[in-house]
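Please consult the sequence and the model while reading.

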Amino acid sequence: MFKKLLSIALVALMALSFSVAFTGCDSDKKSESKDDLKFGFIYLHDENSTYDNNFLTAAKEACEKMGVEMINKTNIDESDACKEAALDLVDQGCDIIFADSFGHEDFMIEAAKANPDVQFLHATGTKAHTEKLDNFHNAFASIYEGRYLAGIAAGMKINEMIDGGKITKDEAKMGYVGAHPYAEVKSGYTSFYLGAKSVCPTVTMEVTFTGSWYDETLEKEAAKKLISDGCILISQHADSMGAPTACESSDVPNVSYNGSTVKACPNTFIVSSRINWAPYFEYAINCVKDGKAIDTDWTGTVATGSVELTEVNEKAAAKGTQEAIDKAIADLESGKVNVFDTANFTVKGKALTSYMADVDSDPEFKGDTEVVKDGVFEESKYRSAPYFDIDIDGISVIE
C-alpha cells in the first residue's frame with residue numbers, strides 16, 4: 001500500500017484539486033450525457049511489466065469505483081495492431097478508449113478520426129494539441145516532481161555512505177538505466193539527479209540506454225555495467241525487474257519506478273515514484289457521463305493524487321529520508337522549490353537563460369516554444385508530455 005505523503009494542509013489542497021478536476025471539464029462543448037459506459041484499455045505489455053501493471057491497477061481501481069465496465073487488451077505492439085485493437089474495442093461498444101505507450105499515438109489518432117463519437121485517450125503523447133480533434137486527448141503527470149523526491153532519497157543514502165566512510169565525496173556517482181533518449185526519459189533522470197544534488201552537492205550520474213522499454217536481460221546488463229563502472233546507486237526508467245534484481249544481487253542501493261520492488265529486493269530497494277492514473281481515468285469518466293469535453297492535455301500533480309511515492313524501505317534508506325521527502329513535498333507545493341530552477345544546474349558551464357523547446361512535435365524536432373521564464377524551465381506547461389531534453393552538467397551518457 002502506498003503511503004500518504006501529504007500533510008493535513010496538502011490533503012485539503014488535494015481534495016480541492018479533485019473537486020476542480022472532476023467538475024472542471026470544458027462545459028462549452030457539451031454532448032449527450034451517458035450513464036452506462038464501457039472503458040477500453042490498450043497496453044503495450046501485461047502485468048509482468050512494472051509500467052503496464054501500474055496502468056492495469058489504476059484502470060481496475062477507477063472503473064470499479066465509478067461502476068464502469070472495463071475491457072483490457074494487453075501486449076499490443078506500437079503498430080497497426082494498436083489501431084486494430086482500438087477498432088475492436090469500438091465494435092464492443094466502448095465509449096472511451098485509452099492506450100498507454102508513446103508509440104501507440106499515431107494509430108490512436110487514426111482510430112479517433114474514424115470514430116468521432118468515441119473518446120480516445122493517450123498517455124505520454126504529444127500531438128493532441130496540434131491535431132485539434134474533439135475526441136483525442138493526451139495526458140501525463142508531473143512525475144518529474146516524484147523523481148525529484150526519489151532523488152532526494154538517493155542523495156540521502158549517498159550522504160550516509162560518505163559519512164560512514166564507505167565512499168568519498170568524489171566517488172558519489174549514481175547510475176541510471178534508461179529505455180530511450182526521449183524527452184520523457186531525460187526529464188525524468190535529470191529531475192532525479194537534481195533531487196539527489198539538492199542534498200548531496202558532489203553527486204554525478206552516468207546514464208545508459210537499452211533501446212527498449214521492456215527487456216529484462218538488457219536492463220540487468222545495463223545495471224551491472226554501471227555498477228562495474230563505479231556507480232554506487234542505481235535508478236531506472238525502464239519497465240522490468242532487470243535493474244532492481246541486479247542491484248539486489250550486488251548489494252547496491254536501488255531507486256525503482258512504477259512501484260515497490262521491496263519483496264524481490266528487500267535489502268537494496270529504497271523508494272519508488274509512480275504516476276497514479278486512477279484520478280485521470282475517473283476524471284475522463286465523469287466528463288463523458290456529464291456530456292462534457294475532456295481536456296486536450298491533462299497534467300496530474302502531487303495535489304491531484306497523480307504523483308506518488310511508495311513507502312520508504314527503512315532497511316535500505318538513510319535515516320531521516322521520509323522527513324526530507326515530506327519537507328520537499330511541502331516546498332514543491334508552496335512554490336518555494338521548482339524542480340527545473342535554472343539556478344541549480346548549468347549546460348556546458350553556463351546558466352540556461354532561454355530555450356526553444358519542441359512542444360509542437362514535427363519530424364525535424366525543431367524548437368518552437370520559449371519555455372524558460374523567470375529563471376525556471378516550465379516543464380509540462382505547454383503540453384502534458386515532458387519536453388525537457390537538455391543535457392546538463394553532472395550527467396554523462398555512456399554507450
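Is serine 380 buried or exposed? In this predicted model, serine 380 is buried, with a relative accessible area of 9%. Here, buried means under 20% relative accessible area, exposed means over 50%, and partly exposed lies in between, with a 1.4 Å probe and protein chains only.

## Basis of the report

The model is predicted, so local features need pLDDT of at least 70 and side-chain atom pairs count only at pLDDT 80 or more, whereas totals for chains, interfaces and linings use all residues. Residues are numbered from 1 along each chain as its sequence is written, and side-chain values use heavy atoms, with hydrogens and water left out.

## Overall architecture

The protein contains eleven helices and 17 strands. These elements are DSSP runs numbered from the N terminus: helices are H or I with at least four residues, and strands are E with at least two. Of the 399 residues, 57% are buried.

The radius of gyration of the protein is 21 Å, which agrees with the value near 21 Å for a compact globule of 399 residues. This radius is taken over C-alpha atoms, and the globule rule is 2.2 Å times the number of residues to the power 0.38. Along the principal axes, the C-alpha atoms fill a box of roughly 65 × 45 × 45 Å. Among contacts between residues at least 6 apart in sequence, 67% join residues at least 24 apart; contact means heavy atoms within 4.5 Å.

Two packed helices are described by the angle between their axes and the distance between the axes. The axes are lines fitted to C-alpha atoms, for helices over the stretch in contact, and the angles run from 0 to 180 degrees between N-to-C directions.

Helix α2 (residues 50-66) and helix α10 (residues 278-290) have axes that come within 8 Å and cross at roughly 40°. The two helices are therefore oblique to each other; angles under 35 degrees count as roughly parallel, over 145 as roughly antiparallel, 65 to 115 as roughly perpendicular, and the rest as oblique. On the α2 side, the contact includes Phe55, Ala58 and Ala62, and on the α10 side it includes Phe281, Ile285 and Lys289. By class, this contact has eight nonpolar, one polar and four charged residues. Ala, Val, Leu, Ile, Met, Phe, Trp, Tyr, Cys and Pro count as nonpolar, Asp, Glu, Lys and Arg as charged, and the others, Gly among them, as polar.

## Packing around α6

Helix α6 (residues 143-163) packs against helix α11 (residues 321-334) at an angle of about 145°, with the axes 9 Å apart. Tyr148, Ile152 and Met156 are among the α6 residues in this contact, and Ala324, Ile325 and Leu332 are among those of α11. The contact divides into ten nonpolar, one polar and one charged residue.

The axes of α6 and helix α7 (residues 183-199) come within 6 Å and cross at roughly 40°, which makes α6 oblique to α7. The contributors include Tyr148, Gly151, Ile152, Gly155 and Met156 of α6, with Gly188, Phe192, Gly195 and Val199 among those of α7. This contact has eleven nonpolar, eight polar and one charged residues.

## Loop residues with positive phi

Most residues other than glycine have a negative phi. Serine 380, in the loop between β16 (376-377) and β17 (395-397), has a positive phi near 55°. Asparagine 258 also has a positive phi, of about 75°. The latter residue is in the loop between β9 (254-257) and β10 (269-275) and is buried, with a relative accessible area of 8%.

Serine 101 is in the loop between β3 (96-99) and α4 (105-114) and counts as buried at 3% relative accessibility. Beyond its neighbours within four places in sequence, serine 101 contacts Leu44, Tyr51, Glu78, His122, Ala123 and Thr124.

Threonine 204 lies in strand β7 (residues 204-209) and is partly exposed, with a relative accessible area of 34%. With neighbours within four places in sequence set aside, threonine 204 is in contact with Ala172, Lys173, Met174, Tyr193 and Gly394. The C-alpha atoms of threonine 204 and methionine 174 are separated by 6.2 Å, although the two residues are 30 residues apart along the chain.
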